[in-house]
Amino acid sequence: MSLAGIFLILFLLVHLTINLLVILFDDPMVYNRAAHFMGNNIVIKIFEIVLIGGLLLHVIYALILQVQNWIARPRRYSKANFSSTSFFSKFMIHTAGVILAFLVIHFSDFYFRAKFGHAAEIVSDGVVYHDFATEVIDKFKMLPFVIIYIAAFLFLGFHLIHGFQSAFKTLGIENNRYAPVIQTLSVIYTVVVVAGFTAIPLVIYFM
Amino acid sequence: MDLKLKIWRQKDSRSRGRFVNYFLREIDPDCSFLEMLDILNEQLISRNEEPVVFDHECREGICGSCSIYINGRPHGPDELTTVCQLHMRKFNHGDTIVIEPWRARSFPVIRDLMVDRSSFDTLIREGGYISVNTGTAPDANTIPVNRDDAVFAMDAAACIGCGACVAACKNASAMLFVGAKISHLASLPQGRVEARKRVQDMVAMMDALGFGNCTNTGACEVECPKGIKMANIVRLNREYLKSTL
């Protein structure tokens with residue numbers, strides 16, 4: 001659970017770096033070439049299987065743990081949850097549900113279309129690329145997409161702010177010396193990921 | 001002060017149980033929560049009604065018997081206190097106080113507010129002790145122990161086994177209780193001898209007894225009357241991984 005989580009945390013940084021190419025470069029082909037490279041590289045293709053495995057592992061473990069946790073308290077308190085603990089840690093399964101729903105939309109919009117060839121194409125230097133850059137820009141000119149996208153990443157942020165440091169606790173790594181470092185990293189990482197991903201639709205929409 | 005009490009009444013472990021409202025008048029703000037319940041019980045007995053059953057023993061805050069969930073928090077609204085050390089001045093005149101037993105599959109209700117916490121004893125039996133010969137008291141002084149380790153072990157040993165961690169945890173996990181015992185003994189040279197077996201056995205028993213899993217929410221640390229830290233859970237995880245590898 002924690003290892004798969006850390007793996008997904010690292011993957012998000014790679015994904016963010018590539019996504020940011022859309023707004024960092026005026027030439028949409030920079031992003032298209034990056035997406036093309038990611039889709040046609042044997043190392044990345046193997047990594048893709050590992051990634052889906054990691055995601056499935058994270059989800060399956062989460063479901064098993066959650067069911068066990070519900071069973072562990074068959075009768076609930078009539079007045080509960082008044083302990084002053086970190087707010088988002090109490091709603092991990094709920095934020096996970098929102099993220100999963102977003103992933104379904106995300107996969108049907110981009111991943112499956114890239115795999116099964118319904119995406120728009122563009123030819124550059126004799127090579128055919130999927131024109132994802134234009135697609136992304138077209139989508140983010142529409143307000144509902146911008147709102148759904150930003151909302152999903154806020155929920156991802158709520159998930160990460162607890163998940164990041166919780167993974168280190170589960171792995172037994174956090175001790176008195178590392179705890180402040182891990183807590184700080186957890187906040188910095190979450191802010192970077194959420195700000196980075198949400199900047200893309202905002203920049204496209206308002207430019 | 002006048003109070004309305006909403007107390008969980010349950011005849012035995014098989015009965016369904018329900019909340020019953022009671023009204024108390026002119027309670028001294030300086031009496032303890034348990035003394036307030038004593039007053040209620042005296043009134044109930046004088047009216048020929050069944051008194052409310054609750055666990056209590058030392059009434060000095062060190063035995064861990066008084067396990068009551070008050071207004072959504074184990075041991076009530078005060079920090080670092082057991083119910084016997086909680087005073088009515090922490091409440092206001094006219095308050096409604098909701099009083100429930102610990103709720104967890106591993107802590108079945110025996111009657112009213114009294115729960116069966118023998119699952120904690122079962123956990124300790126799985127290795128929460130040292131069975132190698134550690135010599136006599138003077139021998140202990142010949143073994144050098146790092147001061148930080150000694151302090152950490154001593155803090156972990158402060159656990160009174162009240163079960164507030166399980167009661168507070170949204171998953172009814174016993175990780176703080178087991179973590180305190182594991183890291184208390186793993187921090188000291190005498191405890192290291194059996195550290196691997198201890199952590200494996202206690203974790204396996206914890207799962208077998210039906211406690212939930214830790215999601216590092218930290219409610220246990222906030223509600224522990226003895227201030228046992230989450231660092232003990234991290235230590236437990238470290239010891240468990242080390243013993244598995």
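B:His75 is buried, at 0% relative accessibility. The model is predicted. In it, B:His75 occupies the loop between β4 (73-74) and β5 (96-100) of chain B. Its phi is positive, at about 65°, although B:His75 is not a glycine. A positive phi also occurs at B:Asn216, again not a glycine, with a value of about 55°. B:Asn216 is placed in the loop between α8 (195-208) and α9 (219-223) of chain B. The relative accessible area of B:Asn216 is 5%, so this residue is buried.

A further loop residue of chain B is B:Asp112. It sits between β6 (109-111) and β7 (114-115). Is B:Asp112 buried or exposed? Its relative accessibility is 2%, under the 20% cut-off, so B:Asp112 counts as buried. Leaving aside residues up to four places away in sequence, B:Asp112 touches B:Trp8, B:Arg9, B:Gln10, B:Pro51, B:Val52, B:Val53 and B:Pro101. Two of these contacts can be described in detail. A polar atom of the B:Asp112 side chain lies 2.9 Å from the backbone nitrogen of B:Val53. With B:Arg9, B:Asp112 forms a salt bridge, and the closest N and O atoms are 3.2 Å apart. B:Arg9 belongs to strand β1 of chain B, whereas B:Asp112 is in the β6–β7 loop, so the pair ties together parts that are 103 residues apart in sequence. Both partners, B:Asp112 and B:Arg9, are buried.

Over all chains, the salt bridges number 18. Side chains of opposite charge can pair when their charged atoms come close. One such pair is B:Arg25 with B:Asp2, at 3.3 Å from N to O. B:Arg25 is in the loop between β2 (18-24) and α1 (33-46) of chain B, and B:Asp2 is in the segment before β1 (3-9), so this bridge links parts 23 residues apart in sequence. How exposed are the two partners? B:Arg25 has a relative accessible area of 66% and is exposed. B:Asp2, at 23%, is partly exposed.

Another salt bridge joins the side chains of B:Glu49 and B:Arg47, with an N to O distance of 3.0 Å. B:Glu49 is partly exposed, at 36% relative accessibility. B:Arg47 is also partly exposed, at 45%. Elsewhere, salt bridges with shared partners connect B:Arg192, B:Arg235, B:Glu239 and B:Lys242 into one network.

Chain A contains 7 helices and 2 strands. Their order from the N terminus is α-α-α-α-β-β-α-α-α. The C-alpha trace of chain A spans about 65 × 35 × 35 Å along its principal axes. Of its 207 residues, 37% count as buried. Contacts in chain A between residues at least 6 apart in sequence were also examined. Of these, 74% join residues at least 24 apart.

Helix α5 of chain A covers residues 132-139. Which of its residues are buried? They are A:Phe132, A:Ala133, A:Glu135, A:Val136 and A:Lys139. These residues cover an arc of only 165° around the axis, which puts them on the same side of α5(A). An α-helix has 3.6 residues a turn, so residues three or four places apart point the same way.

The interface between chains A and B brings 30 residues of chain A into contact with 36 residues of chain B. About 2700 Å² is buried between the two chains. Carbon and sulfur atoms give 49% of that area. How many salt bridges cross this interface? The count is 0. Polar contacts do cross it, with 20 residue pairs found at pLDDT 80 or more for both residues. On the chain A side, the elements that give two or more residues are α3 (42-71) and α6 (143-170). The chain A residues that touch chain B divide into 9 nonpolar, 14 polar and 7 charged.

Definitions and conventions
Residues numbered from 1 in each chain as written. Chains lettered and ligands numbered in written order. Predicted model: local features only at pLDDT ≥ 70, side-chain atom pairs only at ≥ 80, totals over all residues. Heavy atoms only, no water. Buried < 20%, exposed > 50% of the residue type's maximum accessible area, 1.4 Å probe, protein only. Helix = DSSP H or I, 4+ residues; strand = E, 2+ residues; numbered from the N terminus. Arc of directions from axis to C-beta. Contact = heavy atoms within 4.5 Å. Buried area = accessible area lost by both parts, 1.4 Å probe. Salt bridge = Lys/Arg side-chain N within 4 Å of Asp/Glu carboxyl O. Polar contact = N/O pair within 3.5 Å; in protein donor to acceptor, adjacent residues only side chain to side chain. Nonpolar A, V, L, I, M, F, W, Y, C, P; charged D, E, K, R; others polar.
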